[in-house]
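Student: I would like to take a close look at a single part of this model. Please go through it slowly and keep the pieces connected.

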Amino acid sequence: MTLNRISLPMMGLVAATLMAPFASAQRGGPDWTTSAGDPQRTSWVRSDPQVTPAKIVKPDAFKFLWKVAMDTTAGKAAEPILISTYIGYRGFKALTVVGGPDSIYTVDYDLGVPFWSKHYGTASKAQACASWSSAIGKLSSLTPIPPRTPRPSVGYHTVTGKPHEGIPLAAAMGGQLGGGPGQRVAAPAQQLPPGIRFSVPIFLVTSDGMARAITFDSGKEAFKPVPFLPPGSAPSNLIVVQDTLYAATMSGCGSSPNTIYALDVKTKDMAPEGTWKSQGGNILGAPAFNRAGTLFVSTDSALFALKPKVLESTKVADVQLASTPIIVTGKNAEWVAAGTKDGSIVLLDATGGASTPISSAVGFNPTALATFDDDNGAHWLLATDSTKSIGAVHAFKMTEDGGKPTLTEVWKSADMASPGRPIVVGGVVFALATGADRSHTNGKPPTKGTHATVYALDATTGKPLWDSGNTMTSFVSTGEMAFNESELFVPTFDNTLYTFGHPEPHQ
């Protein structure tokens with residue numbers, strides 16, 4: 001057997017071994033690895049071959065696919081993370097991963113069947129915040145992954161070589177080892193123990209404050225759990241960038257609220273790196289990252305920029321904020337956007353230095369933001385008030401005058417029951433009416449409501465395209481929507497994961 005060919009008896013073994021490092025390379029673009037999908041918190045999937053304004057209105061082009069009862073989420077399901085291709089001992093799998101209170105639940109979303117679940121008996125150590133979901137996250141790329149493009153059609157041909165030469169290795173791998181646009185790029189991987197070294201784990205933090213690295217295939221511990229957060233903390237959704245795990249602890253829970261923590265996870269020791277205690281107000285949620293890896297953190301009194309890993313901070317704006325930040329990325333510039341308590345959206349330079357925010361009044365409290373670019377490259381911001389019982393999604397187009405960005409409202413959706421954060425797929429906005437009763441919750445997750453509904457709208461006009469009707473019979477309390485591979489995932493209060501999408505099989 002030559003170095004660049006593979007004999008037929010060995011082909012399956014070598015293909016399985018060599019393809020394993022590509023397990024986190026996506027079939028259709030980026031995975032949904034953290035809250036709002038990516039480190040910039042955009043809630044934007046740049047394109048999907050089956051989700052466009054023209055396609056989604058066709059009969060049965062986008063519809064209810066399946067639902068699964070999750071027996072460990074206890075009415076507090078977190079926003080799912082999605083893994084489009086995992087190659088393990090049970091073959092190719094596409095997984096939805098949902099956290100619950102001290103638990104984790106996975107579903108094979110190609111088949112719509114449970115994969116594995118696990119509960120951690122740690123709640124008794126931290127009763128104060130045990131009602132909140134375990135925070136989960138996965139390795140995320142600071143650079144957006146290109147969307148899926150159709151593979152060129154080619155005529156039939158054989159790749160078998162001359163007698164006894166076997167099959168060329170590059171052909172056996174489907175072109176994934178060669179150059180060109182079809183090549184897959186392996187994601188960075190932690191230094192894992194033997195036998196699971198090709199897996200990039202899921203990370204979660206349980207109520208005892210322990211950080212856990214979990215393998216995709218069975219939920220086994222990849223590393224020994226290590227102390228990360230104070231017991232009883234209410235952590236934000238986790239994110240892993242450049243081999244560092246980050247979490248923010250929310251106000252009102254644990255012995256150290258309003259703190260950002262960083263943990264080095266590239267080796268099995270998972271050593272602490274930096275910590276940052278809020279210098280002004282309560283931390284509102286997970287940080288957003290610019291292309292250089294700088295963290296932007298909203299508090300209810302200021303916006304801060306933190307250096308990666310060491311978490312040294314700069315106050316970049318004195319403004320009372322109502323939302324976590326998002327990053328709007330242009331060709332030559334980046335901006336931080338956040339909602340304010342006085343009913344405005346502020347934009348400022350995202351290089352990490354102190355600057356004067358540019359404020360646009362919007363007439364409501366924009367507590368949940370998303371961003372996308374249209375086909376002409378123009379930037380848009382979506383905003384809603386996710387604390388109100390009735391609200392709409394507002395769409396703003398961003399323009400620049402002398403390098404200063406301004407926002408102009410282009411459309412507004414119909415009011416919906418307790419809106420959640422919208423997400424954008426190609427040219428379609430998915431807006432979530434959670435149906436939750438947000439009255440008298442005092443900052444805790446809602447426990448009453450009607451039913452959730454998803455609405456699909458044209459991203460540039462707001463025209464209604466599709467909705468899920470009365471399919472979901474419960475409301476959404478703690479989770480948000482997630483999207484991958486032409487499928488939309490919604491976890492509801494009654495421990496059910498609903499999936500809507502294009503009915504064509506993905507594998």
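Student: Which residues have the most contacts inside the largest nonpolar core?

Tutor: This is a predicted model, and in it the residues with the most contacts inside the largest nonpolar core, a set of 36 residues, are Ile56, Phe62, Phe430, Val454 and Phe483. Taking Phe483 as the point of entry, its contacts beyond four places away in sequence include Trp32, Val45, Phe62, Leu82, Ile423, Phe430, Leu488 and Phe489, and Asp48 is also one of them. The rings of Phe483, Phe62 and Phe430 belong to a cluster linked by ring pairs, which also holds Phe64, Trp466, Tyr498 and Phe500.

Turning to the strands, an open sheet is formed by 4 strands in the order 3-37-36-35, with antiparallel pairing. Strand 3 (63-69) and strand 35 (482-484) each have a single partner strand and stand at the edges, so one side of each is left without a neighbour in the sheet. From one strand to the next, the twist averages 25 degrees. Strand 35 pairs with strand 36 (residues 487-492) over 3 bridges, and Ala482 has Phe489 of strand 36 as its bridge partner.

Phe475 lies in the loop between strand 34 (464-467) and strand 35, while Phe493 lies in the loop between strand 36 and strand 37 (496-501), so the pair ties together parts that are 18 residues apart in sequence. Phe475 is buried, with a relative accessible area of 4%, whereas Phe493 is partly exposed, at 23%.

Terms used: Residues numbered from 1 in each chain as written. Predicted model: local features only at pLDDT ≥ 70, side-chain atom pairs only at ≥ 80, totals over all residues. Heavy atoms only, no water. Pairing = 2+ DSSP bridges. Helix = DSSP H or I, 4+ residues; strand = E, 2+ residues; numbered from the N terminus. Axes fitted to C-alpha atoms, helices over the stretch in contact; angles between N-to-C directions. Core = buried A, V, L, I, M, F, W, Y, C linked by side-chain atoms within 4.5 Å. Buried < 20%, exposed > 50% of the residue type's maximum accessible area, 1.4 Å probe, protein only. Contact = heavy atoms within 4.5 Å. Phe/Tyr/Trp six-rings, centres within 6.5 Å; stacked < 30°, edge-to-face > 60°.
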